[in-house]
Amino acid sequence: MTLEQLEPAAPWPGTRERVERAGRLLRAHGRLVVHGPWGSGRGTLLDALALDRHPGVRLLRVAPIPGDRALAYSAVTQLLAGLPAGAPDALPAGQLGAVQMLLRSAEPYGPPADPDPVAVRLALAALLGAARTLLVVDDAQWVDEASADAFAHALRAVPAEALSVAVAERSVLDTPAARRLCGDHPARLPLGPLTVEEVADLLARHGLSSRWAAHTHRHCGGHPLLVRACAEAVVQHQPRSWKALPPPGRVQDLAALWLGTLPSDARHTLMALALAQDTAGPGPADAAALLRRAGRDDADEHLAAAARAGLVRQGARDRVEFIGEAVREAALRAGTRAGRRSVHRALAAATEDPVHAVRHRLLAAEGPDGELARQADRSAAWARSGGERALAAELMLLAARHTPVDRREDRIARLADAALDAAAAGCHEDALRAADALAAARAGGAEQVAALLSVVDAGGQAMEEMDEVLARARDLAAGRPDLLAAVELRAAVRHNIGGRPRQAVLAAERAVQHAESGGDAALETAALTMRARMERVTGLPGAAETLSRALARGGPGDGLAIRNSPQYLAVRHAVFDDRLAGARADLMELLPVAERTGDAEDLMEVLRSLAEVDARAGAAARALLWSERAVEVCTRAGLSPGPVWYTAALAETAGGSFRRAAEHALLGVRASREEHDLVFTSRGLLALGTVCLATGEAARAVEALSEVAALEGGQEVGDPTMLRWQPELAEALVAVGRVEEAGGLLDALGGAVGARALATGLGASLRRSRALHRAALGDPDEAARQLGLATDHFTDLGLPLEEGRTRLAAGRVERGRRRYAAARTAWQRAAEVFDAAGAYPWKALATDLLTRLDASAVRAGAPLELTDSERNLAELVAAGATNQEAAQTLFVSVKTVEATLSRVYRKLSIRSRTQLPLALGRGS
């Protein structure tokens, strides 16, 4: 399959949206600048605009090439050559002569042209204004100066109604060429890189796993052309799994072409930058200063040019990093092997970081060097203590390579450390490389088992692919209870993700027994924690007691990853029980530990939990920030994306947009299904069902939530507080009219939920679902009473989003029995709750309900009564309070005051606060 074959079946995600947006901007402003790096699709977008123009609009196109920039009036001549024959004939003699001179110069062996500049400008303006025209200028950076002046004059002279102009320029940052043509304030449409989600969507269209998305995005930097070439390579070569990208080929060729847009001396500077940047890091701090010290005097200029070309980006503390690994590799290939070693020696002398100085010396060295390998040991320890586990893994692999042959034990120890560091950083390829090297060196069973388990740990949620690795590790661990405990612990995780919690309990118990027998306290703690987790999942008694045993034995810092620690499981149980304040406090203590250790999966898990807690506790803005960080960690480390996309769906549902929430939920479901991760398949489907229920797609919600029910039943999940799908499914069934089925679900659940679970938000959610069921059966009074109780319960638990949802439900019940004032009050209060929580999609939903209620009342000729909160505010403002003073008095935000006042004015048919006293009957 070729790139051309891929294109028709796979238009870029967002392509249609970009074309539509470009069309809107062009119609609104008449002047549009499209800009982006080489290969970003600027020309393709201009083509689409040209095809999409009105049938009566004339198209003129200019597409200069690099050599044209030195030829005066070359762009103008190209435009003139595209005009219909005879078009210039109506021009005055002087202008016609200038045009004819330019056209003759374009003929083979034509005479050089030296026209009057004023005549050219006037002629161009007249020709462009003669009919409604769309002028498309591609690669504006190659327009010669004389043509640029003539075009700029014409664009000022001809109004936008008669002449629309779309200009494309190859630049990521500023667009000086387009600015010269269109002035300082045209509409702008930057063509940035694809997001990880867009890459995943593209790959899925070709049947490729979402797990490729993070690797492909990191490798290609989201550059559309490189991503497409990478997708083609995956289709062609069909690698066995996502663990290794396809062999070098078209992607590297394209990256080299992109790099080739820079001068050769700038490319040499980028080679030095590539050597200065370790494989997982964001680039050295103050990169330009380092490169200058290493002999690259023009580093600032070269890095600025690379940034304009989109090849690198600037980070914090003047860090500069390549847009993708493919570009970095292309920069590395710009020099010879000897040249690269020379640059490493220069960087070793120039860097102020002793750890990176050792790294550069290792990369510059040839052959064994025992002293240098010992320096690498110390440097790796420093990197490890600072949380730079990927750097530590790289140093240990390099140290093993330079270890003298007669120091076999030292080499094996270094490879074992490299495997552990790679696992912590999520660097699957480095973990696999270390494991293979240990096997080739015929290392002992303990080292090989540890390395194989590191490969498993670096694999994330894709545990189904690890069965062979676990079997090999179990065989090597025979007779060693401490090693068998570690293997059984991973087997328990494998069973849990695969939807076999009962088997996970048994595997965890075997791990506990082996760890006790082997005297490994850290492993025993981890195994007890896993057993407690699975006991709660399955509803077995003793989960709290098992967790207490684990908590008494240790935690993070005692050789235990945070995600495997009893402290973290205690946090998760607090989340399930809606003890959110305590859970958040504990997570904030774990966060710096996760950041310090550099374990990517630990950090991702803590960030995910913080996002979930803040989303539920009514801190939606913070939840979005935590979620974004979790996605970033996942992408950089190449971890399984299903969990972070589920979390992104939760955060977007709380404070972003329902549309993006649904997109993330679908991505998470797809990724989890591909990895046969039933746990997060269920979670993603629940997130999708919740969004569909909120947006009125009840049938789709029933479909998603019914699948959750089937998955949870198949996994024999016994604790309904962990994944609260039952109330959501009951509400969805009521919404589609399957009332009897909803009642059966609620009745079946009623006898299975104990007092502990009913005290959580699950109890309030069930009360809300039962209330809606009662309303559907024709008992609105009981429904209203139950919804009031559910609202109070959610308020007491500190769950504002659920409180607001319940108020929305109460308003619908009141509207159903034509108590419009009560409905309005419920929805107004819901909007206020959502506003305080930053839950903007929910607030928009409440506001829309209020607007439609008012509109229906107007159509019915009914008076628009003020709600209690509206009347209280109106009285304050009528008495002279400012918006700020009213907000402070009523304990709401100024934005809420402004929105409420707008509704008050509309209901009272007035336009300003000065009319309020009379409207409220306070005066004449």
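Arginine 818 is exposed, because its relative accessibility of 67% lies over the 50% cut-off. In this predicted model, arginine 818 is found in the loop that runs between helix 42 (800-816) and helix 43. Its phi is positive, at about 60°, although the residue is not a glycine. Most residues other than glycine have a negative phi.

Aspartate 139 also has a positive phi, near 50°, and is likewise a residue other than glycine. Its place is the loop between strand 3 (133-137) and helix 7 (145-157). Aspartate 139 counts as buried, because its relative accessibility of 17% is under the 20% cut-off.

## Overall architecture

The protein contains 48 helices and seven strands. Its radius of gyration is 33 Å, close to the 29 Å that the globule rule gives for 924 residues, so the protein is as compact as a globular protein of that length. Taken along the principal axes, the box filled by the C-alpha atoms is roughly 100 × 100 × 50 Å. Of the 924 residues, 56% are buried.

## Aromatic pairs

Across the whole structure, four aromatic pairs are found. One of them joins tyrosine 646 and phenylalanine 680: the ring centres are 6.0 Å apart and the planes meet at 65°, so this pair is edge-to-face. The two residues are 34 apart in the chain and belong to distant parts of it, with tyrosine 646 in helix 33 (residues 642-655) and phenylalanine 680 in helix 35 (residues 678-694). Tyrosine 646 is buried at 9% relative accessibility, and phenylalanine 680 is buried at 10%. Phenylalanine 680 has a further contact, as the charged end of arginine 683 sits over its ring, 5.7 Å from the ring centre.

Phenylalanine 658 and tryptophan 842 form another aromatic pair, which is edge-to-face with 5.1 Å from centre to centre and 90° between the planes. This pair also links distant parts of the chain, 184 residues apart: phenylalanine 658 lies in helix 34 (residues 658-674) and tryptophan 842 in helix 44 (residues 840-859). Both phenylalanine 658 and tryptophan 842 are buried. Ring pairs also bring in Phe834, which forms a cluster with Phe658 and Trp842.

The model holds four cavities of 30 Å³ or more.

Is valine 897 buried or exposed? Valine 897 counts as buried, because its relative accessibility is 1%, where buried means under 20%. Valine 877 lies 20 residues from valine 897 in sequence, and the two C-alpha atoms are 9.9 Å apart in space.

Note on methods: Residues are numbered from 1 along each chain as its sequence is written. This is a predicted model: local features need pLDDT of at least 70, side-chain atom pairs count only at pLDDT 80 or more; totals for chains, interfaces and linings use all residues. Side-chain values use heavy atoms; hydrogens and water are left out. On a 1 Å grid over the protein atoms alone, a cavity is a set of points where a 1.4 Å probe fits but cannot get out, and a pocket is an open set with protein on both sides within 12 Å along at least five of seven lines; lining residues have an atom within 4 Å of a point. Grid points are joined across faces, edges and corners, and a volume is the space filled by probe spheres set on the points. Rings of Phe, Tyr and Trp (its six-membered ring) pair if their centres lie within 6.5 Å; planes under 30 degrees apart count as stacked, over 60 as edge-to-face and the rest as tilted. Helices (H or I, at least four residues) and strands (E, at least two) are DSSP runs, numbered from the N terminus. Buried means under 20% relative accessible area, exposed over 50%, partly exposed in between (1.4 Å probe, protein chains only). A charge sits over a ring if NZ of Lys or CZ of Arg is within 6 Å of the ring centre and within 35 degrees of the ring normal. The radius of gyration is taken over C-alpha atoms; the globule rule is 2.2 Å times the number of residues to the power 0.38.
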